[in-house]
Number of protein chains: 2
Amino acid sequence: MTQENSPAVLEGYGDLRPYRGNTSETVGSKLLADLDAAYDACDVRDGATLSFHHHLRNGDAVLNMVLAVAEKRGLKDLHVAASSIFPVHESLVGFIARGTVTAVSAGFISGPVAEAISRGKLPKPAVLRTHGGRARAIAVGELPIDVAFVAAPAADSLGNISGSIGPRACGALGYPKADIGKARNVVAVTDTLVPFPVPQIEIDQQSVDWVVSVESIGDAAGILSGITRPTTEPVGLEIARRTAAVIEASGLLVSGFSLQNGAGGISIATADELARFMTDAGIKGSFAAGGITGFHVRMLEAGLFEALLDVQCFDLAAVQSYASNPRHLGMSASVYACPGARGAVVDLLDTVVLGATEIDTDFNVNVTTRSDGMINGGSGGHADTAAGARLTIITTRLTAAGFAKVVDRVGTVTTPGETVDVLVTEGGIAVNPRRGDLAERLRTAGLPLRNIADLQRDAAAAATREAVHPADGRIVAVSEYRDGTVTDLVRQV
Amino acid sequence: MTQENSPAVLEGYGDLRPYRGNTSETVGSKLLADLDAAYDACDVRDGATLSFHHHLRNGDAVLNMVLAVAEKRGLKDLHVAASSIFPVHESLVGFIARGTVTAVSAGFISGPVAEAISRGKLPKPAVLRTHGGRARAIAVGELPIDVAFVAAPAADSLGNISGSIGPRACGALGYPKADIGKARNVVAVTDTLVPFPVPQIEIDQQSVDWVVSVESIGDAAGILSGITRPTTEPVGLEIARRTAAVIEASGLLVSGFSLQNGAGGISIATADELARFMTDAGIKGSFAAGGITGFHVRMLEAGLFEALLDVQCFDLAAVQSYASNPRHLGMSASVYACPGARGAVVDLLDTVVLGATEIDTDFNVNVTTRSDGMINGGSGGHADTAAGARLTIITTRLTAAGFAKVVDRVGTVTTPGETVDVLVTEGGIAVNPRRGDLAERLRTAGLPLRNIADLQRDAAAAATREAVHPADGRIVAVSEYRDGTVTDLVRQV
């Protein structure tokens, strides 16, 4: 201060701390030599929680390589908090066996890790959260993260990240966005280090502490599926036609219509039917949301939707559209599905079309365990969208691989029946008794309604194998609802 | 849970709270009837801190209308925490006089509010922060915000905000981004309510609690300046030519060069010179940052920069480019200038060209008070960029309106001299003695170097009026450095 007669404390302001020289740290690069250096920089200790995202899906190499370094360092008792775990993450089974990892939480777990958990190999119960519930748990501090490792298709040395460029471009990066705001440390792991600033910044440098450059973050072939196409299989097509008919009869398929549907053949075939109907009737929808495919992109480009809200791109057409079309918007896992006062996109869905491993006569849906009792999935966005959408439709065949899919009681409740409105099968359409209004509309439209108990009997009659639903034994996983309550427990197989 | 034999507490997990029904709140709209309802919804009480941003600059109507409602409700003792305050905010003088507002903080204050503060009308000392210091103060909790009011050129009823559309489109919205993550409540105030989802989401719904639709958020003519053009005035042009020559001689003007310069005529003329040099020499710069003008856009489009990093658009050409060019990137005030471990864009600047109201023989710069002692400005990004850039150049004439601008001691220290490298005037170029390396380079290039004390004597000789630097009397404002220490105190006039 140039003025010597200044007080130590100024009323209405507080303590006056005089300027004593520019001590601002100038950060020119966050680049570390390797992952080992990231463990040092983040001071990772035994028992730490490391988070990962699943935008690279079954092509992801980052989770495996990060944990391999942990093991080499002799770390123990780590908690892997992933948004999803895939067959490519098989090495995690070894890290669990050797005590490097003793806790796992995720929105979805499939493949060898799921099997190992089901067989009781993981010391602590795995926690399966919905995508929105995971974002909520992070936001409120139920799931504290020590280090969020962000697999970055491209990054600059300051930590700005883009999903839109690089040989492993995956488009939108909605999932890590839920982690980075709360994680104690954030490390970007990239194989495409570009000069500052990375174009199309998806996650900016104020969210990232360190950058590590590696040879490859994954296998492009496992990251994106091929071209997404409607099913051509007759039973699937019949279910899709009926599903589209239910949506048309529901009264929701009017101007401003919004939709979420998955990337499966039946789901795409349903959207295909809807696209034709919307085109013929001149209906312009509002948005399609969730995981986005080239099929959604074509609907956007055909003017059938005003916008796409994309948490994760499923194919190359979606990645390209996301990089270039300003109406193809990204959203964080929080914006997508986090329950709470600020509202999620799932709350605005008119219709969601979802699958099921099993559905029971109370309309409870299991997408967590297989009919043999083994974990193979988890809610992901299933329970979130079912809770939010005005019309939640479950599509399934009556049986698969000899097991009944419409059952008396599901092996694991993933999505509570009270949030499910309609079941569509090749054997008929069942409406949740809570939705008398909807049943009336469908009946008026001449749709073949049946009682779900009848569908269950048909399925049981057609089944050749008995489902395994272990009801006691060690609890190997907890299925959490989006609010953190527990919908079900999964027992050891 | 379907399994009755579940424990109350599960080892390795904790308390099991069974699912008891879907109680998820479905948020379909955050639209309130009016600003009055927003005060109710946010439970605003006497003494609350309300924040505002200045992207609508001298066309902003939101600050005035929000405070008018506060006064009507009888609220007292409010703290207005704005990113900047302009002449259009004159009504704030009345709100201060009547006790509705007793505290003001901002990055920049000009016009009647500045004059009222200088005359001692505000009960508490005003706090003038740098743009980066304001972001830091919010992030660390030094500046807690009760309600952040975000003037939104367009928004949807869920609170997604875009600056790129609507009759008062202003482009990038870097400043409110520093507020929304920490504010207890966030209210979007818009005159362009569009169906969900607003295209080109700049601030998403997970950051916003309420939306209020008003007739007009401001006067478009006051929001954007006209077309930004280089000065044509001879003394200014001479200063610009010398400034460009300093940058060329500095050794920094090579491939990957980065620049921040303001929207004034001399600053633009300097960039014009640089553009010519870069084109001739085939130099491709990295980025231009800060407040962005059509001149920067033309440099980007001419391939002279890889990217623009835009905290605020200054003209229509910038707004249009921001909406359509993926290499024209937005940045928050934090990414722009917040000091700290995660690094700011200012840290990566090769050169910043800044103005001065006064500069003294220690190279301290005053952009806070006029030569008559009256507040008229504040750091904004001045001290931030000076601290970060490798070469900080101050351009000024020796005198203006009869006052010397190179002085023995500045009226108010805004930017410490140790962060300033060169002064360029029509009377010569002075290099900070701390930068002997730079002086050597400029001398080698044949530039006319002078001692700053000589420039000060020339300025004093040419001056016809004596500056007023009140050294005692009531302290009406505190000038904070980016780290929260105090560079100077401003006394009542």
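Trainee: What percentage of the 493 residues in chain A do buried residues make up?
Mentor: This is a predicted model. Buried means under 20% relative accessible area. Among the 493 residues of chain A, the buried share is 62%.

Trainee: How many helices and strands are there in chain A?
Mentor: Both kinds of element occur in chain A. The count is 15 helices and 27 strands.

Trainee: Why is chain A described as being as compact as a globular protein of that length?
Mentor: The globule rule gives 23 Å for 493 residues. The value for chain A is close to that, so the chain is as compact as a globular protein of that length. Its radius of gyration is 24 Å.

Trainee: What box do the C-alpha atoms of chain A fill?
Mentor: The box is taken along the principal axes. Its dimensions are roughly 85 × 55 × 50 Å.

Trainee: Which domains does the assignment give for chain A, and what distance separates their centres?
Mentor: The assignment gives domain 1 (3-223) and domain 2 (234-468). In chain A, 33 residues of domain 1 are in contact with 28 residues of domain 2. Taken over C-alpha atoms, the domain centres are separated by 31 Å.

Trainee: What share of the contacts in chain A with a separation of 6 or more comes from residues 24 or more positions apart?
Mentor: Contact means heavy atoms within 4.5 Å. For residues 24 or more positions apart, the share of those contacts is 71%.

Trainee: How far apart are the centres of the positive and negative side chains in chain A?
Mentor: Chain A has 42 positive side chains and 54 negative ones. The centres of the two sets lie apart by 2 Å.

Trainee: Is A:Val113 buried or exposed?
Mentor: A:Val113 is found in helix H4 (residues 112-118). Beyond four places in sequence, A:Val113 touches A:Ile85, A:His89, A:Glu90, A:Leu92 and A:Val93. Its relative accessibility is 0%, so A:Val113 counts as buried.

Trainee: What separates the C-alpha atoms of A:Val113 and A:Pro87?
Mentor: Along the chain, the two are 26 residues apart. Their C-alpha separation is 7.2 Å.

Trainee: What is the relative accessible area of A:Gly163?
Mentor: A:Gly163 is found in the loop between strand S10 (161-162) and helix H6 (176-180). Its contacts beyond four places in sequence include A:Pro153, A:Cys170 and A:Glu202. The cut-off for buried is under 20%. A:Gly163 is buried, with a relative accessible area of 1%.

How values were computed
Residues are numbered from 1 along each chain as its sequence is written. Chains are lettered from A and ligands numbered from 1 in the order in which they are written. This is a predicted model: local features need pLDDT of at least 70, side-chain atom pairs count only at pLDDT 80 or more; totals for chains, interfaces and linings use all residues. Side-chain values use heavy atoms; hydrogens and water are left out. Helices (H or I, at least four residues) and strands (E, at least two) are DSSP runs, numbered from the N terminus. The radius of gyration is taken over C-alpha atoms; the globule rule is 2.2 Å times the number of residues to the power 0.38. Buried means under 20% relative accessible area, exposed over 50%, partly exposed in between (1.4 Å probe, protein chains only). Lys and Arg count as positive and Asp and Glu as negative; His and the chain ends are not counted. The place of a charge is taken as NZ of Lys, CZ of Arg, CG of Asp or CD of Glu. Domain bounds come from an automatic or database domain assignment.
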